[in-house]
Amino acid sequence: CTCSFLDTDRALALLEEYCKKLRKPEEQQLKKAIRKVMGIFKSSLFQALLGSFTKKATRHGTISHPSLPAAVACGVLDCPKD
């Protein structure tokens, strides 16, 4: 399902945007943690697992929300999901 990959790209873009705002020394640990999460979202293993989950959930009719990466990014950044 292409939508999960687009949501992942959206999540990565939101996280990257947020990281650019983290400039204070006390924010660098948070910035490092967010970059680590971004690396996980970009990994081929995560993408494969997300694709598998999305296909199974779609088959069972249980997906009615954005993909996990977009939901996580929006939850962390307190942004609208649409």
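Visitor: How many helices and strands are there in the protein?

Guide: There are four helices and zero strands, where helices (H or I, at least four residues) and strands (E, at least two) are DSSP runs, numbered from the N terminus. Along the sequence the pattern reads α-α-α-α. This is a predicted model, in which local features need pLDDT of at least 70, side-chain atom pairs count only at pLDDT 80 or more, and totals for chains, interfaces and linings use all residues. Residues are numbered from 1 along each chain as its sequence is written, and side-chain values use heavy atoms, with hydrogens and water left out.

Visitor: What share of the residues counts as buried?

Guide: Buried means under 20% relative accessible area, exposed over 50%, and partly exposed in between (1.4 Å probe, protein chains only). Of the 82 residues here, 30% count as buried.

Visitor: Which residues form the largest nonpolar core?

Guide: In soluble globular proteins, nonpolar side chains tend to be buried together. A nonpolar core is a set of buried Ala, Val, Leu, Ile, Met, Phe, Trp, Tyr and Cys residues joined through side-chain atoms within 4.5 Å. The largest one here has ten residues: Ala11, Leu12, Leu15, Cys19, Leu22, Ile34, Met38, Phe41, Phe46 and Leu50. H1, H2 and H3 each supply at least two residues of this core, and H1 gives the most, with four.

Visitor: Which residues of H2 are buried, and which exposed ones lie on the face turned away?

Guide: An α-helix has 3.6 residues a turn, so residues three or four places apart point the same way. In H2, the buried residues include Ile34, Met38 and Phe41. These cover an arc of only 55 degrees around the axis, which puts them on the same side of H2; the arc is that of the directions from the helix axis to the C-beta atoms. The face turned away from the buried side carries the exposed residues Gln29, Lys32 and Lys36.

Visitor: Where is Gln47 found, and is Gln47 buried or exposed?

Guide: Look in helix H3 (residues 44-59) for Gln47. Gln47 counts as buried because its relative accessibility is 16%. Its side chain reaches the backbone oxygen of Phe41 at 2.6 Å.

Visitor: And how far apart are Tyr18 and Ile34 in sequence and in space?

Guide: Tyr18 has its place in helix H1 (residues 2-21), and at 28% relative accessibility Tyr18 counts as partly exposed. Tyr18 and Ile34 are 16 residues apart in sequence and 9.0 Å apart in space, C-alpha to C-alpha.

Note on methods
Polar contact = N/O pair within 3.5 Å; in protein donor to acceptor, adjacent residues only side chain to side chain.
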